[in-house]
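Hi everyone, thanks for making time.

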Amino acid sequence: MDLRIIDTGYFHADGGAMFGAVPKTAWSRRYPSDEKNGCVLAMRSAIIRTDDGRVILIDNGAGDKQLKRLSYYRFFDLIDLSDKLRENGVRPEAVTDVVLTHLHFDHCGYTVQRDSSSGELSLAFPNATHWVSRRQWENFLHPNALEAESYFEENMRLVEEKGLLRLIDGDTPLASSVELRLYDGHTPGQIAPYIHTPERTYVFAGDVIPLAASVSPEWISAYDTYPVTSYDEKLRMLEEAAREKQALIYCHDAYTICTTVKKVNDYFVREKKITPSAF
């Protein structure tokens with residue numbers, strides 16, 4: 001099987017929001033920010049081609065439909081994901097599965113495209129089954145007050161109308177080399193894909209652990225709607241990653257793509273940098 005990483009673009013998020021109660025004197029030693037306290041974040045995606053012919057896309061970035069409404073985040077260097085895939089021999093029509101870790105705009109915005117002249121909506125990956133957890137879907141339809149502005153109905157409704165939405169209720173095997181596990185905290189029912197290769201297991205950690213700087217379990221983002229649950233879920237992911245020598249792919253870290261982690265006494269630290277192949 002083949003795993004490749006794609007950065008779909010970048011945006012700025014407030015450092016205080018990204019690191020919550022952790023003071024800037026601490027987090028600034030691990031992650032840089034600009035004069036406005038803005039931290040550059042990646043919108044990382046992954047493409048997996050399995051031995052049995054599956055073409056699996058994990059997340060797809062913000063797209064371009066809502067950029068004016070989201071101008072606060074100062075997006076830059078956005079790519080056209082379909083063009084990027086074609087350049088690397090993957091037709092959008094050949095994508096069999098789209099796994100959406102969750103439905104915040106920066107993870108699923110490219111799912112549905114809007115024609116610039118007609119305004120008509122179309123699916124970016126028209127033949128793909130789109131995998132979402134049932135708890136996340138319900139949260140998308142009826143969001144709590146803290147997440148409402150992160151969801152846009154136009155990003156997903158067409159997927160449902162076309163019968164391409166697949167909801168999961170628990171940990172689910174997707175292919176012989178890919179399994180989907182559920183984690184709460186940042187948002188209900190976030191999917192973390194576990195990708196098993198001959199060398200190691202890669203964990204697409206999503207917003208469970210969005211940055212290498214966030215490996216410390218108590219470093220919880222203010223964007224996490226259930227912080228105590230986030231702490232427990234991070235521990236669950238980290239304990240296994242350290243024990244099994246798994247590699248964590250950080251979906252938002254603009255400087256570090258992937259590392260292993262190790263446990264030192266009661267602490268977790270980044271260990272070895274891993275560089276998966278990139279488009």
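First, some housekeeping. This is a predicted model, so keep in mind that local features need pLDDT of at least 70 and side-chain atom pairs count only at pLDDT 80 or more, while totals for chains, interfaces and linings use all residues. Residues are numbered from 1 along each chain as its sequence is written, and side-chain values use heavy atoms, with hydrogens and water left out.

Okay, the fold. The protein chain has seven helices and 16 strands. The C-alpha atoms fill a box of roughly 55 × 45 × 35 Å along the principal axes.

How much of the chain is buried? Buried residues make up 57% of the 279. Buried means under 20% relative accessible area, exposed means over 50%, and partly exposed is in between, with a 1.4 Å probe and protein chains only. The accessible surface comes to about 12100 Å², and 47% of that belongs to carbon and sulfur atoms. Those areas come from the Shrake-Rupley method with a 1.4 Å probe, and for residues only the protein chains shown count as cover. As for contacts, meaning heavy atoms within 4.5 Å, take those with a separation of 6 or more: 69% of them join residues 24 or more positions apart.

Now the holes. On a 1 Å grid over the protein atoms alone, a cavity is a set of points where a 1.4 Å probe fits but cannot get out; a pocket is an open set with protein on both sides within 12 Å along at least five of seven lines; and lining residues have an atom within 4 Å of a point. Points are joined across faces, edges and corners, and a volume is the space filled by probe spheres set on the points.

The largest pocket holds about 340 Å³ of space. It has 20 lining residues, and the closest to its centre are Tyr73, His104, Ser150, His186 and Tyr223. Strand S1 (2–14) and helix H4 (105–108) are the elements that give two or more residues to that lining. By class, the lining has 10 nonpolar, six polar and four charged residues. Here Ala, Val, Leu, Ile, Met, Phe, Trp, Tyr, Cys and Pro count as nonpolar, Asp, Glu, Lys and Arg as charged, and the others, Gly among them, as polar.

The second largest pocket comes in at about 230 Å³. Of its 16 lining residues, Ser216, Pro217, Tyr267, Phe268 and Val269 are the closest to its centre. Which element gives the most to this lining? That's S15, with four residues. The classes here are nine nonpolar, one polar and six charged.

Glu244 sits in helix H7 and is partly exposed, at 47% relative accessible area. Its C-alpha is 8.8 Å from that of Arg200, 44 residues away along the chain.

Glu160 is in helix H6, residues 157–161, and counts as partly exposed because its relative accessibility is 33%. Beyond its neighbours within four places in sequence, Glu160 is in contact with Trp137 and Leu165.

Then there's backbone geometry. Most residues other than glycine have a negative phi. Arg74, though, has a positive phi near 50°, and Asp77 has one of about 55°. Where are they? Arg74 is in the loop between strand S3 (55–58) and helix H3 (81–87), and Asp77 lies in the loop between S3 and H3 too. Arg74 counts as partly exposed at 32%, whereas Asp77 counts as exposed at 55%.

That's my tour, so over to you.
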